[in-house]
Amino acid sequence: ATEFNKLTDRLQESEAQQRQFVSDASHELKTPLTAVKGFNDMIMLKSSDDTVRDFSARVDREVNRMIGLINDMLDLSRLEENRKLDRVPVDLRNVADEVAETLMPLASEKHIDLTVTGNASVMAEKEHMTELIKNLAENGIRYNNAGGSVRVTLSDTADGAVIDVRDNGIGIEEKYQSRLFERFYRVSKSRSRETGGTGLGLAIVKHICGIYGASVSLTSKPGVGTDVRVTFEKK
Ligand code: ADP
């Protein structure tokens, strides 16, 4: 038993070191990237050459993608920390309304109707709930067609609090559905790239659900849409 304990201790220690490395590396990468973004902004400001401006705009898109990736990696490594949760009552309607407000520019740019209905509350860290709803709603917008919709529906059921995010977008073929929650897994790399995806959104969602013992189910049909349902079981 002591040998086993030693082994698990060592395993935990090396996992902690790995997390620390990801976290340090992410922070280190952010500094030069932010500088690159700043200099590129200057090029954009100073140049009147269309070709240069076109390249500069591309650099900006790619830099933003990298910053997005780094932030998602930092989020994931924080979620893996196994620290004690600081749970407070969270009004999910409040959170969903705030998320909808942040996503409004993206939604209107893509001509997607984003709405929030219902009410529910959970004992959780608000930031986790924001992240969860944001990732799901953002996917609903990004993998959608102009004129489509995303509905965030909250309810307090006998089973517990439910967050349901439904879109009538492009949907996902059944053969891909089981892998969506893996890190960096994307059905279409090009579509994900085009829309600024990192491939980490659903991995983050799954992690958050894991922390709270919430269950997550996804149903989807190509050409019809996708429905993701998260249930926080009553304890
Ligand atoms: P990404 O940053 O690429 O969106 P996610 O982890 O959030 O990464 O999602 C993984 C993949 O699952 C996406 O690349 C996309 O192919 C698919 N996907 C996720 N949500 C939806 C959705 N609502 N409709 C269609 N496909 C989706």
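This is a predicted model: local features need pLDDT of at least 70, side-chain atom pairs count only at pLDDT 80 or more; totals for chains, interfaces and linings use all residues.
Reader: How far apart are the end C-alpha atoms of helix α3, and what span should its residues give?

Author: Helix α3 comprises 18 residues, 92–109. At 1.5 Å a residue these should span 26 Å, which agrees with the distance between the end C-alpha atoms, 25 Å.

Reader: At which residue of α3 does a kink lie?

Author: The kink is of about 50 degrees. It comes shortly before the proline Pro105, at Leu103.

Reader: Which residue's backbone nitrogen is reached by a side-chain oxygen of Asp91?

Author: The contact is placed at the start of α3. There the side-chain oxygen of Asp91 comes to within 3.0 Å of the backbone nitrogen of Arg93.

Reader: Which residues of α3 are buried?

Author: Residues three or four places apart in an α-helix point the same way, because there are 3.6 residues a turn. What covers the buried residues of α3 includes β1, β2, β3, α4, β4 and β5. The buried residues are Leu92, Val95, Ala96, Val99, Ala100, Leu103 and Ala107.

Reader: How many aromatic pairs does a search of the whole structure find, and are the rings of Tyr212 and Phe232 stacked or edge-to-face?

Author: The search finds 1 aromatic pair. Tyr212 and Phe232 lie 6.1 Å apart centre to centre, with 70 degrees between the planes. Planes over 60 degrees apart count as edge-to-face, so the arrangement of Tyr212 and Phe232 is edge-to-face.

Reader: Is Tyr212 buried or exposed, and what is its relative accessible area?

Author: Tyr212 belongs to helix α7, and its partner Phe232 to strand β7, 20 residues apart. Buried means under 20% relative accessible area. Tyr212 is therefore buried, at 4%.

Conventions. Residues are numbered from 1 along each chain as its sequence is written. Side-chain values use heavy atoms; hydrogens and water are left out. Helices (H or I, at least four residues) and strands (E, at least two) are DSSP runs, numbered from the N terminus. The expected span of a helix is 1.5 Å times one less than its number of residues. The bend at a residue is the angle between axes fitted to the seven residues ending there and the seven starting there. Buried means under 20% relative accessible area, exposed over 50%, partly exposed in between (1.4 Å probe, protein chains only). Contact means heavy atoms within 4.5 Å. A polar contact is a pair of N or O atoms within 3.5 Å; within protein, one must be able to donate a hydrogen and the other to accept it, and residues adjacent in sequence count only if both atoms are side-chain atoms. Rings of Phe, Tyr and Trp (its six-membered ring) pair if their centres lie within 6.5 Å; planes under 30 degrees apart count as stacked, over 60 as edge-to-face and the rest as tilted.
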